[in-house]
Amino acid sequence: MFPENFLWGGAVAANQCEGAFLEDGKGLSIQDVLPAGAMGDRTDRPTDDNLKLVGIDFYHRYKEDIRLFAEMGFKVFRTSIAWSRIFPRGDEEQPNESGLRFYDDIFDECRKYGMEPLVTISHYETPLYLAETYNGWTSRDLIGFYEHYARTIFERYGDKVKYWLTFNEINSVLHSPFMSAGINTPMGQLTEQDLFQAAHHELVASALVTKLAHEIMPDAKIGCMILSMPTYPLTPSPDDVIAVMETEHKNYFFADIHVRGIYPGYMKRYFKERNIQIQFAEGDVDILKNTVDFVSFSYYMSSCASAGKVHQKGSGNLLEGIPNPLLPTSEWGWQIDPKGLRYTLNMFYDRYQKPLFIVENGLGAIDRPATDGNGGMRIEDDYRIDYLREHLLQVGEAIEDGVEVMGYTTWGCIDLVSASTAQMSKRYGFIYVDRNDDGTGTLERYKKKSFYWYKDVISTNGESLIGAI
Ligand code: BG6
């Protein structure tokens, strides 16, 4: 079912696991002032209640963690580079050598085990200085700073990293502008004009560094990363189907530009009807023609859309939709829909015929560890195994449908701090980290039941999934 060279692995982001928020010359990032996550308000300066300042201390424990990933048989490990470790303010000429050395060590450690690093250049961690001084991606200046940062890391790591992603969940700029794009102006005061102009800057930057990556690292593969949440019509009414189409256009828009290199007609209409005028600088049209090698996406849930008045809104990560009355939900209200993953893979592939990479999928759940009698902890996370198995079976179905899938990295392969709520108790990992929402805990690591399950899945290249049904 799964191809021979399928890239099995797991994913994290620097800001959710590294901690060491001021160590070795790192500057502040927007995450250091978001103690309550994407859903909460920002603070002026870092506060002790912000769990990300310590994270899971990956900065000091990465060797142990990467060894555990290797033990599971990971072929790929997705992480991000914290921009503010390399350029503490974001607009400097000279990079911070200690920051660069840290990622040398991470990638060397991965390579030691034959694991490909998959690197997100910007994962919700814009340097705070760029947010406060330039208002993040509303400013065109960010394109130059990002390009300089990308060039620096491409030149440094070009022989260690083959797979790159430009912006994590780039479409989230429309929904969570501070976290996604370092836009300091509160959401309520931003117009659609502001948001789409910021999106344009990111899209141009993404295309620019795609070009750069191809020039500096001819063997590298560079992809876009989309927050995918397939939308179903709430009823069979044609109006609901049109509502679905319009909802999906706002997400496809980002992938369409990355793959096709031009603004789609449906967006031109949307802009015209709302009097939105995107400022293109000279050369932007040509820059956008530098298209990606593959399309990657996160997938957690689906939702519904309706043309009529609906009062109930579901809770999503950063997107919100109407809950599907036929689907169960996680403890955080995210709807569980494994078949939506097969559907998403088919939709992307039908549209683009580009290789696809599922770079996030998983279940945020409360684990209840029991002592194992030897001073350790035992975590029987059958719910997580069920979730992942059901989703992977649907990936297998999509592969049977003819979809080209490069790989699959589960989100939060080791427990880490949640992006939307900044909780530690919303756990995704195969590896339990002893750290609690109140900041207590030893930070020790323990293998969960799912650790052994995933190891089996990888070693049988997915065959064990079928045996289990
Ligand atoms: C994705 C983000 O949206 O969802 C991750 O790329 C995030 O950074 C993940 O952690 C899961 O969301 P949450 O809010 O449960 O951490």
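## A pair of strands

In this predicted model, Ser228 has Tyr299 of strand S7 as its bridge partner. The pairing to which these elements belong joins strand S5, residues 221-228, with strand S7, residues 294-299, and runs in the parallel sense over six bridges.

## The barrel

Eight strands, taken in the order S1-S2-S3-S4-S5-S7-S9-S12, close into a barrel with parallel pairing. When direction is ignored, neighbouring strands of this sheet are turned against each other by 25° on average.

## Helices on the sheet

Helix H4, residues 97-112, packs on the sheet, where it touches strand S2 (76-80) and strand S3 (116-122), and the direction of H4 makes about 150° with that of S3. Helix H12 also packs on the sheet, touching S5, S7, strand S9 (356-360) and strand S12 (405-411), and its direction makes about 155° with that of S7.

## Packing of H12 and H13

Helix H12, residues 338-352, packs with helix H13, residues 382-400, at an angle of about 30°, the axes lying 8 Å apart. Because angles under 35 degrees count as roughly parallel, H12 is roughly parallel to H13. The crossing of these two helices, H12 and H13, is right-handed.

On the H12 side the contact is made by Pro338, Lys339, Leu341, Arg342, Leu345 and Asn346, and on the H13 side by Glu390, His391, Gln394, Val395, Glu397 and Ala398. Sorted by class, the contact of H12 with H13 comprises five nonpolar, three polar and four charged residues.

Note on methods
Residues are numbered from 1 along each chain as its sequence is written. This is a predicted model: local features need pLDDT of at least 70, side-chain atom pairs count only at pLDDT 80 or more; totals for chains, interfaces and linings use all residues. Side-chain values use heavy atoms; hydrogens and water are left out. Axes are lines fitted to C-alpha atoms, for helices over the stretch in contact, and angles run from 0 to 180 degrees between N-to-C directions. Helices (H or I, at least four residues) and strands (E, at least two) are DSSP runs, numbered from the N terminus. Angles under 35 degrees count as roughly parallel, over 145 as roughly antiparallel, 65 to 115 as roughly perpendicular and the rest as oblique. A crossing is left-handed if the near helix is turned anticlockwise from the far one by less than a right angle, and right-handed if clockwise. Contact means heavy atoms within 4.5 Å. Ala, Val, Leu, Ile, Met, Phe, Trp, Tyr, Cys and Pro count as nonpolar, Asp, Glu, Lys and Arg as charged, and the others, Gly among them, as polar. Two strands pair if DSSP finds at least two bridges between them.
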